[in-house]
Amino acid sequence: MENLSQYYKKRLIYLILTIAGCFSACAPNKIIAHKVKKEFKSSAIIKQYQVGFALFDLAKKEMIFQKDADKYYTPASNTKLYTFYAGLKMMPDSIPSLKYIEKGDSLIFWGTGDPSFLHTQLKGTKAFNLLKSTTKKLFFAPGRYTGDFYGNGWQWDDYNEYYQAEINELPLLDNMVLVSSTALGSMHILPQTFASCFVKDSLNVKPFRVIRDFNANRFNYPSTIIPAKYAQQIPYKVNSSTTVNLLSDTLNKYVGIINMKMPADAKTVYNVKSDSVFKEMLLPSDNFIAEQLLLVYANKIGEDLNTAKVISYVEKQYLSTLPDKPKWVDGSGLSRGNLFTPRDMVKLLELIYGEVNNQEKLFSMLPAGGKTGTLKNAYPKTDNPFVFGKTGSLSNNHNQSGYVVTKKGKVFIFSFMNNNFVLPTADVRKEMVRVMTYIHENF
């Protein structure tokens, strides 16, 4: 009996210690949740608009704290994280630039939507070199892109802004015209092909600004003298004629247009590594690259290059584990038709982390608070950033979603979504930085 009694005492002690251990292990995240909740409740700024927030412990796979994380918000450029994840799944190595066949004395080619083709930063030249070096006659076969020149729900009155380049199957030179000046009164136009499309307006408008006609490549500039150190990017109007004229001018050889369906055995030429394209999309938050990448993904699954079709495919194939069904309509987040929940963003970031499977590499591709990309000026300047993520801004909306590294070395995933505010964006950004800095400093 005495031995049996000692056995039960030992079992009881073991159970007590086990339960105590469980409580001890669980307690830190409960404490974090309590403290973060206090920060939100005490914020005079956050009370003034709609805020959704989620904080997730990556190591424990545990949601720490949620504030309206199941509600839908306009994500703006947080949408690019969806485009990024789709690329990790569908284009893990390189970006296809052209599909082509050689037939007799001709080389006939089709676009894939590749944004890197003669891109000013990515400088994808492999497809260009193929067209430049061939002795065959060149023919572009348009028609694969079956969407509109703008994404679903885009603001048409932003057509002249650098962030709203048109979408097409064979983008060239960022689909942009660059107007610049290094000295007072000295205007330079690139590509030079568009120089003849510039028309001086009789109005003496100040400040100097070029405005393109909405439906045509007619660029109007004022009689005001262009200032020194001036730079403006203006989207050009895309169409097949403009594409072949630009390409002919750049190649310095004739390019014709042909009506021909792409055969199944068309060859592919790849331009640049996918990682470099993803990074160029994420760090400066490049809308043009994001939109064109969706067409590149569509190229993989069929003949049509169609944004809606590829989004539907990605949702079915790769996003079934999201807690809420996203409303995803474009690649960049320019559309207010996009609606995501913070807990969806957190789950997506967890999937991204697992797919890259290299924290240093992943964090180098994302804006870093106080150091790189769109987060460079959001946080105090530092060589040791603790926030790595994606910003998202539209008028009256500003978000951050990403990873925060605490002083104790923990990695948390967060999504901080702020919608429908009338305060200055700087005030909203400052409050987000305050909360994320608190999380970094205290946990």
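Buried means under 20% relative accessible area, exposed means over 50%, and partly exposed lies in between (1.4 Å probe, protein chains only). The model is predicted, with local features needing pLDDT of at least 70 and side-chain atom pairs counting only at pLDDT 80 or more, while totals for chains, interfaces and linings use all residues. Residues are numbered from 1 along each chain as its sequence is written, and side-chain values use heavy atoms, with hydrogens and water left out.

**Exercise 1. The chain as a whole**

Task: State how many helices and strands the protein chain has, and what share of its residues count as buried.

Solution.
- Step 1. Helices (H or I, at least four residues) and strands (E, at least two) are DSSP runs, numbered from the N terminus. The protein chain has 10 helices and 16 strands.
- Step 2. Of its 443 residues, 53% count as buried.
- Step 3. The C-alpha trace spans about 100 × 55 × 35 Å along its principal axes.
- Step 4. Contact means heavy atoms within 4.5 Å. Taking contacts between residues at least 6 apart in sequence, 65% join residues at least 24 apart.

**Exercise 2. Two aromatic pairs**

Task: Classify the ring pair of Phe53 and Phe416, then that of Phe363 and Phe388.

Solution.
- Step 1. A pair of aromatic rings is described by the distance of the centres and the angle of the planes.
- Step 2. Rings of Phe, Tyr and Trp (its six-membered ring) pair if their centres lie within 6.5 Å; planes under 30 degrees apart count as stacked, over 60 as edge-to-face and the rest as tilted. This rule gives a count of 27 aromatic pairs.
- Step 3. For Phe53 and Phe416 the centres are 5.0 Å apart and the planes stand at 70°, an edge-to-face pair.
- Step 4. Phe53 belongs to strand β1 (residues 50-57) and Phe416 to strand β16 (residues 411-419), so this pair ties together parts that are 363 residues apart in sequence.
- Step 5. Phe53 has a relative accessible area of 0%, so it is buried. Phe416 is buried too, with a value of 1%.
- Step 6. The ring centres of Phe363 and Phe388 are 4.3 Å apart and their planes are at 10°, so the pair is stacked.
- Step 7. Phe363 is in helix α9 (residues 359-365) and Phe388 in strand β14 (residues 387-394), so the pair links parts that are 25 residues apart in sequence. Both Phe363 and Phe388 are buried.

**Exercise 3. A charge and two rings**

Task: Find which rings the charged end of Lys237 sits over.

Solution.
- Step 1. A charge sits over a ring if NZ of Lys or CZ of Arg is within 6 Å of the ring centre and within 35 degrees of the ring normal.
- Step 2. The charged end of Lys237 is 3.3 Å from the ring centre of Phe149 and sits over that ring.
- Step 3. The charged end of Lys237 also sits over the ring of Phe214, 5.8 Å from its centre.

**Exercise 4. A helix pair**

Task: Describe how helices α2 and α6 pack.

Solution.
- Step 1. Axes are lines fitted to C-alpha atoms, for helices over the stretch in contact, and angles run from 0 to 180 degrees between N-to-C directions.
- Step 2. Helix α2 (residues 80-90) packs against helix α6 (residues 287-301) at an angle of about 35°, and their axes are 10 Å apart.
- Step 3. Residues of α2 in the contact include Thr83, Ala86 and Met90, and those of α6 include Ala290, Leu294 and Tyr297.
- Step 4. The residues of this contact divide into seven nonpolar, three polar and two charged. Here Ala, Val, Leu, Ile, Met, Phe, Trp, Tyr, Cys and Pro count as nonpolar, Asp, Glu, Lys and Arg as charged, and the others, Gly among them, as polar.

**Exercise 5. Backbone cases in loops**

Task: Locate a cis peptide bond and two residues other than glycine with positive phi.

Solution.
- Step 1. The cis peptide bond joins Leu190 and Pro191, with omega about -5°. Pro191 is in the loop between β7 (188-190) and β8 (198-200).
- Step 2. Asp68 has phi near 50° and is in the loop between β2 (62-67) and α2. Its relative accessible area is 36%, so Asp68 is partly exposed.
- Step 3. Ser285 has phi near 60° and is in the loop between α5 (274-282) and α6. Its relative accessible area is 14%, so Ser285 is buried.
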